[in-house]
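Look through the sequence and the coordinates, then read on.

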Amino acid sequence: MQLNIAGKRCHVGTGGKPFDPAGSLDPPLLLIHGAANDRDCWRTVAGGLTAAGCALLVPDLPGHGQSAGPPLRSIEELADWLPALLDAAGVEQAVLVGHSMGSLIALECAARHPQRVAWLALLGSSAPMPVAEALLGRAETHRDSVVRLMTEYSHSLQFLLTGGGGHGIWGPGATLAIMRRSPAGVLAIDLANCNNYLHGLEAAAQVACPTLLLVGRRDRMTPRRNLPPLQSALRQVVRAEIENCGHAMMNEQPQAVVEELLKFVGSAATKGTATARTAARPPTAE
């Protein structure tokens, strides 16, 4: 569907079904893509989530995919853009699910706009998220070589060799194709956004809602050894790992991503209901 946000067109996927938050017991899920990506990186995951009854918003970020530009030049700007998206969609509160750069956007939004965030899921995340100088320096002038290198490091070695299920399909090619079609300049801006976002741990310390950290055990872009500071900073956090999976987990192991997200949402909803019941229980006479 198309939304108008601050006078600019935003294209938002809904997982193949009309967006109907009233038809779901849980808040809608807002899926936020990473650097030089667009909503299509969530395609298989989104289908699994809507099949399970979730209401979804899957936007192309400004200047990405079919959304009008220009691309925003900081994680903070992107975090402030999300509530405007929710307003345009008529949604008061959502579950933010961000991958890679999208996880930084979701994290900052949860810190800046806590009333708009029910729960938080950070996939392939790290705070800070430094980018190698070789990539930053070449993203503008040698974009295709950077995209090919990112595609290689975004997948496990096993998936690079055998991913795609046979039939002549090279699994990592989906990741490569999405990044290759990103508009000129977007890759360099997005990588700089990741590299320049330095107060992620401070933002994490302000997040009070339940949070999922989902990591691929074979992730070479945001390896799990980088997670402890972020994990320690979050107040209500659960960590899950997907075996034999790299950074581009929605491509490598989409069903596992769906299962972990549904498990987290179900658990968070159950705990929230129990807390509400406890708060509403009348005091016992002594």
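Buried means under 20% relative accessible area, exposed over 50%, and partly exposed in between, with a 1.4 Å probe and protein chains only. This is a predicted model: local features need pLDDT of at least 70, side-chain atom pairs count only at pLDDT 80 or more, and totals for chains, interfaces and linings use all residues. Residues are numbered from 1 along each chain as its sequence is written, and side-chain values use heavy atoms, with hydrogens and water left out.

Q: Is S100 buried or exposed?
A: S100 sits in the loop between β5 (94–99) and α3 (101–112). Its phi is near 55°, a positive value in a residue other than glycine. Because its relative accessibility is 13%, S100 counts as buried.

Q: What is the relative accessible area of A36?
A: A36 lies in the loop between β3 (29–32) and α1 (43–51). A36 is not a glycine, yet it has a positive phi of about 55°. A36 is buried, and its relative accessible area is 0%.

Q: How many helices and strands does the protein chain have?
A: Both kinds of element are DSSP runs, numbered from the N terminus: helices are H or I with at least four residues, strands are E with at least two. On that basis the protein chain has 12 helices and eight strands.

Q: Why is the protein chain described as being as compact as a globular protein of its length?
A: The radius of gyration is taken over C-alpha atoms, and the globule rule is 2.2 Å times the number of residues to the power 0.38. For 286 residues the rule gives 19 Å. The chain is as compact as a globular protein of that length because its radius of gyration is close to that value, at 18 Å.

Q: What share of the residues in the protein chain is buried?
A: The C-alpha atoms fill a box of roughly 75 × 45 × 40 Å, taken along the principal axes. The chain holds 286 residues, and the buried share is 53%.

Q: What percentage of contacts between residues at least 6 apart in sequence join residues at least 24 apart?
A: Contact means heavy atoms within 4.5 Å. Among contacts between residues at least 6 apart in sequence, the share joining residues at least 24 apart is 75%.

Q: Which backbone oxygen does the side chain of S154 reach?
A: S154 is in the loop between α5 (143–153) and α6 (157–162). At 7% relative accessibility, S154 is buried. Leaving aside neighbours within four places in sequence, S154 is in contact with M221, G246, H247, A248 and E252. At 2.7 Å, its side chain reaches the backbone oxygen of M150.

Q: How far apart in space are T151 and M250, C-alpha to C-alpha?
A: T151 is in helix α5 and is buried at 2% relative accessibility. Beyond neighbours within four places in sequence, T151 is in contact with L160, P172, T175, L176 and M179. T151 and M250 are 99 residues apart in sequence, and their C-alpha distance is 13 Å.

Q: Which residue is joined to P70 by a cis peptide bond?
A: P70 is found in the loop between β4 (56–59) and α2 (75–89). Omega of the cis bond is about 0°, and the partner of P70 is G69.

Q: What is omega for the peptide bond from A127 to P128?
A: P128 lies in the loop between β6 (117–123) and α4 (133–138). The bond from A127 to P128 is cis, with omega near 0°.

Note on methods
Polar contact = N/O pair within 3.5 Å; in protein donor to acceptor, adjacent residues only side chain to side chain.
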